[in-house]
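Here is a short briefing on charged side-chain pairs. Look at the structure first, then read the points below.

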Amino acid sequence: MKTKKINIIHNNTEKSLNITSLLKEKLEHQGFCITDSFSYDAFLNICVGGDGAFLRAIHNFDFTNIPFIGINTGTLGFFQEVSPENLDLLIQKIKNQDYKIEPIFLVEGIICTRTSCIELIAINEIVIKGYHSKTIHLNVSIDNNYLEKFSGDGVIVSTPIGSTAYNFSCGGSLVYPTLDVLQLTPIAPINSKAYRSLTSSIIVPNSLLIQIKPEYRDENSILIVVDGQEHKYENIVEISFKISSMKANILTLGNHSFWTNVKDKFL
Ligand code: NAP
Ligand code: MN
């Protein structure tokens, strides 16, 4: 092991603060060095909180290569493999280097106005929504093949790991995390004599771009929601999505298969 440094990242609930100080004490007792501010030469990030805290930690540390493992003090904790009762097991496995590091796919959105483009990256999903809860109209193409004009509340572009999040609530499919695909899922698609939108989600392979051109009616603002964080943009001409060449790393203790997790957290 190169270094014995570990970053602990936590949210500020009473439970998280208590677990963090207990964990810090136990790790220091085993000879690990716990950093107070984020250190780029740590070998591990431990995130104490719920899924939101886990997502924010990866964003805040710029999709660092240092792997993340989570301790669940949140409500669902789909990402958080370790429960607060299992701190000793976690420490023992870290000490014995008895773990695997699994890269996860991220979605990249390139947002272009007439004058410039910016890049956004997400772990779960990027959502396109109307501003002020307006109906949104989107021309959707897959790799330059025009598919449909979507009208409704919006669309979700989900990663495999995000397929159990917002995507799932909108009727999207669960996708095994090692599949390199993106899923485009409609939110409240309108189907009437006025508008016709696909009602099911579509799954797009890694090599193909998902391209979206908004059609503006009485509002030219759009909301882009990146892992739950809202951004407002005006006069977007096109948004294109693909799987990012960057990845995030998740450290797993190996007793947390995707299917067990789905059964435990959803059924
Ligand atoms: P939040 O409102 O607390 O998230 C909603 C729920 O989604 C929470 O129970 C959260 O777990 C869970 N969650 C997050 N990522 C997940 C994943 N990959 N698989 C399964 N469940 C997951 O907000 P947040 O904690 O900041 O999380 C942001 C995420 O919330 C967004 O990326 C989006 O996917 C999701 N969201 C869902 C809906 C919906 O389902 N209608 C609406 C908006 C946002 P914790 O309880 O452990 O935090
Ligand atoms: Mn949450």
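Arg-217 pairs with Glu-215 in a salt bridge, with the closest N and O atoms 2.7 Å apart. A salt bridge here is a side-chain nitrogen of Lys or Arg within 4 Å of a carboxyl oxygen of Asp or Glu. The model is predicted: local features need pLDDT of at least 70, side-chain atom pairs count only at pLDDT 80 or more, and totals for chains, interfaces and linings use all residues. Residues are numbered from 1 along each chain as its sequence is written, and side-chain values use heavy atoms, leaving out hydrogens and water.

- Strands (E, at least two residues) are DSSP runs, numbered from the N terminus.
- Salt bridges link Lys-149, Glu-215 and Arg-217 in a network.

**Accessibility in the network**
- Buried means under 20% relative accessible area, exposed over 50%, and partly exposed in between (1.4 Å probe, protein chains only).
- Arg-217 is partly exposed at 44%.
- Lys-149 is partly exposed at 30%.
- Glu-215 is partly exposed at 26%.

**Another pair**
- Glu-108 forms a salt bridge with Lys-242, with the closest N and O atoms 3.9 Å apart.
- Glu-108 is in strand β5 (residues 100-112) and Lys-242 in strand β15 (residues 238-252), 134 residues apart.
- Glu-108 is buried at 8% relative accessibility, whereas Lys-242 is partly exposed at 36%.

**Whole structure**
- A search of the whole structure finds nine salt bridges.

Note on methods:
Chains are lettered from A and ligands numbered from 1 in the order in which they are written. Helices (H or I, at least four residues) and strands (E, at least two) are DSSP runs, numbered from the N terminus.
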